[in-house]
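Please look over the sequence and the structure first, and then follow the points below.

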Amino acid sequence: MVALIDLHALVGIPVPAAWRNTADPQEFVWIREFRSAETVEEQEREFFSTPERIALGDVRGTYVESLQVRVLEPMEVQ
(Lines give C-alpha, C1' and ligand atoms only; values in the text may rest on other atoms or scores of the structure.)
Protein backbone atom coordinates (compact mmCIF):
# COMPACT_ATOMS: atom_id res chain seq x y z
CA MET A 1 0.00 0.00 0.00
CA VAL A 2 2.73 2.48 0.88
CA ALA A 3 4.44 1.79 -2.43
CA LEU A 4 1.36 2.96 -4.33
CA ILE A 5 1.11 6.10 -2.22
CA ASP A 6 4.79 6.83 -2.85
CA LEU A 7 4.29 6.31 -6.59
CA HIS A 8 1.41 8.78 -6.58
CA ALA A 9 3.63 11.36 -4.88
CA LEU A 10 6.33 10.88 -7.54
CA VAL A 11 3.97 12.25 -10.20
CA GLY A 12 2.54 15.04 -8.07
CA ILE A 13 -0.57 13.30 -6.74
CA PRO A 14 -0.24 13.45 -2.96
CA VAL A 15 -2.35 11.13 -0.81
CA PRO A 16 -2.82 13.17 2.37
CA ALA A 17 -5.26 10.72 3.95
CA ALA A 18 -6.10 7.03 3.74
CA TRP A 19 -8.52 4.97 5.80
CA ARG A 20 -9.45 1.33 6.26
CA ASN A 21 -13.06 0.45 7.03
CA THR A 22 -13.13 -1.23 10.47
CA ALA A 23 -16.32 -3.12 9.54
CA ASP A 24 -14.72 -4.38 6.32
CA PRO A 25 -10.90 -4.41 6.53
CA GLN A 26 -10.71 -5.03 2.77
CA GLU A 27 -12.26 -1.62 2.05
CA PHE A 28 -9.95 1.37 1.73
CA VAL A 29 -10.65 5.05 1.19
CA TRP A 30 -7.97 7.35 -0.17
CA ILE A 31 -8.02 11.10 -0.58
CA ARG A 32 -5.85 12.06 -3.54
CA GLU A 33 -5.02 15.64 -4.49
CA PHE A 34 -4.67 16.73 -8.10
CA ARG A 35 -3.43 20.08 -9.37
CA SER A 36 -6.89 20.79 -10.78
CA ALA A 37 -9.94 19.02 -12.17
CA GLU A 38 -8.58 19.68 -15.64
CA THR A 39 -5.32 17.81 -14.97
CA VAL A 40 -6.76 14.61 -13.43
CA GLU A 41 -6.65 12.59 -16.66
CA GLU A 42 -3.15 13.82 -17.51
CA GLN A 43 -1.81 13.09 -14.03
CA GLU A 44 -3.44 9.64 -13.96
CA ARG A 45 -1.91 8.84 -17.38
CA GLU A 46 1.48 9.92 -16.07
CA PHE A 47 1.03 7.77 -12.95
CA PHE A 48 -0.03 4.64 -14.87
CA SER A 49 2.82 5.02 -17.38
CA THR A 50 5.65 5.11 -14.83
CA PRO A 51 7.90 2.04 -14.99
CA GLU A 52 7.28 1.40 -11.28
CA ARG A 53 3.49 1.31 -11.74
CA ILE A 54 3.71 -0.79 -14.89
CA ALA A 55 5.87 -3.29 -12.97
CA LEU A 56 3.06 -3.77 -10.43
CA GLY A 57 0.82 -5.21 -13.14
CA ASP A 58 -2.97 -5.22 -13.01
CA VAL A 59 -3.41 -4.21 -9.38
CA ARG A 60 -6.95 -2.96 -9.97
CA GLY A 61 -8.03 -6.14 -11.74
CA THR A 62 -6.43 -8.36 -9.10
CA TYR A 63 -7.17 -6.54 -5.84
CA VAL A 64 -9.93 -4.02 -6.50
CA GLU A 65 -13.48 -5.33 -6.43
CA SER A 66 -15.04 -1.95 -7.10
CA LEU A 67 -13.80 1.58 -7.56
CA GLN A 68 -15.81 4.68 -6.79
CA VAL A 69 -14.41 8.12 -7.56
CA ARG A 70 -15.87 11.29 -6.12
CA VAL A 71 -14.70 14.82 -6.82
CA LEU A 72 -14.47 16.81 -3.60
CA GLU A 73 -13.60 20.40 -2.91
CA PRO A 74 -12.35 21.87 0.33
CA MET A 75 -14.71 23.85 2.46
CA GLU A 76 -13.97 26.44 5.06
CA VAL A 77 -14.44 25.19 8.61
CA GLN A 78 -15.38 27.82 11.14
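**Briefing on the chain**

Leaving aside neighbours within four places in sequence, Glu44 is in contact with Ile13, Arg32, Phe34 and Arg60, where contact means heavy atoms within 4.5 Å. The model is predicted: local features need pLDDT of at least 70, side-chain atom pairs count only at pLDDT 80 or more, and totals for chains, interfaces and linings use all residues. Residues are numbered from 1 along each chain as its sequence is written, and side-chain values use heavy atoms, with hydrogens and water left out.

**Overall layout**

- The chain has four helices and two strands, where helices (H or I, at least four residues) and strands (E, at least two) are DSSP runs numbered from the N terminus.
- Read from the N terminus on, the elements follow the order α-β-β-α-α-α.
- Along the principal axes, the C-alpha atoms fill a box of roughly 45 × 35 × 20 Å.
- Of the 78 residues of the chain, 17% count as buried; buried means under 20% relative accessible area, exposed over 50%, and partly exposed in between (1.4 Å probe, protein chains only).
- Among the contacts with a separation of 6 or more, 38% are accounted for by residues 24 or more positions apart.

**Helix H2 and Glu44**

- Helix H2 covers residues 40–48, and its buried residues are Gln43, Glu44 and Phe47.
- The side chain of Glu44 makes a polar contact with the side chain of Arg32 at 2.7 Å. A polar contact is a pair of N or O atoms within 3.5 Å; within protein, one must be able to donate a hydrogen and the other to accept it, and residues adjacent in sequence count only if both atoms are side-chain atoms.

- One aromatic pair is found in a search of the whole structure.
- The rings of Phe47 and Phe48 have their centres 5.0 Å apart and their planes at 75°, so the pair is edge-to-face. Rings of Phe, Tyr and Trp (its six-membered ring) pair if their centres lie within 6.5 Å; planes under 30 degrees apart count as stacked, over 60 as edge-to-face and the rest as tilted.
- Phe47 is buried, at 3% relative accessible area, whereas Phe48 is partly exposed, at 31%.
- Thr50 lies in the loop between H2 and helix H3 (51–55) and is buried, with a relative accessible area of 13%.
- The side chain of Thr50 reaches the backbone oxygen of Phe47 at 3.0 Å.

**The largest pocket**

- The largest pocket has a volume of about 1800 Å³. On a 1 Å grid over the protein atoms alone, a pocket is an open set of points where a 1.4 Å probe fits, with protein on both sides within 12 Å along at least five of seven lines. Grid points are joined across faces, edges and corners, and the volume is the space filled by probe spheres set on the points.
- Its lining is formed by 36 residues, of which Phe28, Val29, Trp30, Leu67 and Gln68 lie nearest its centre; lining residues have an atom within 4 Å of a point.
- Helix H1 (2–10), strand S2 (28–31), H2 and helix H4 (59–63) are the elements that give two or more residues to this lining.

**Exposed residues and distances along the chain**

- Leu67, in the segment after H4, is exposed at 51% relative accessibility. The C-alpha atoms of Leu67 and Val29, 38 residues apart along the chain, are separated by 9.9 Å.
- Tyr63 belongs to helix H4 and is exposed, with a relative accessible area of 68%. Its C-alpha atom is separated by 9.4 Å from that of Gln26, 37 residues apart along the chain.
- Ala23 lies in the loop between strand S1 (17–20) and S2, and counts as exposed at 72% relative accessibility. Ala23 and Glu46 are 23 residues apart in sequence and 34 Å apart in space, C-alpha to C-alpha.
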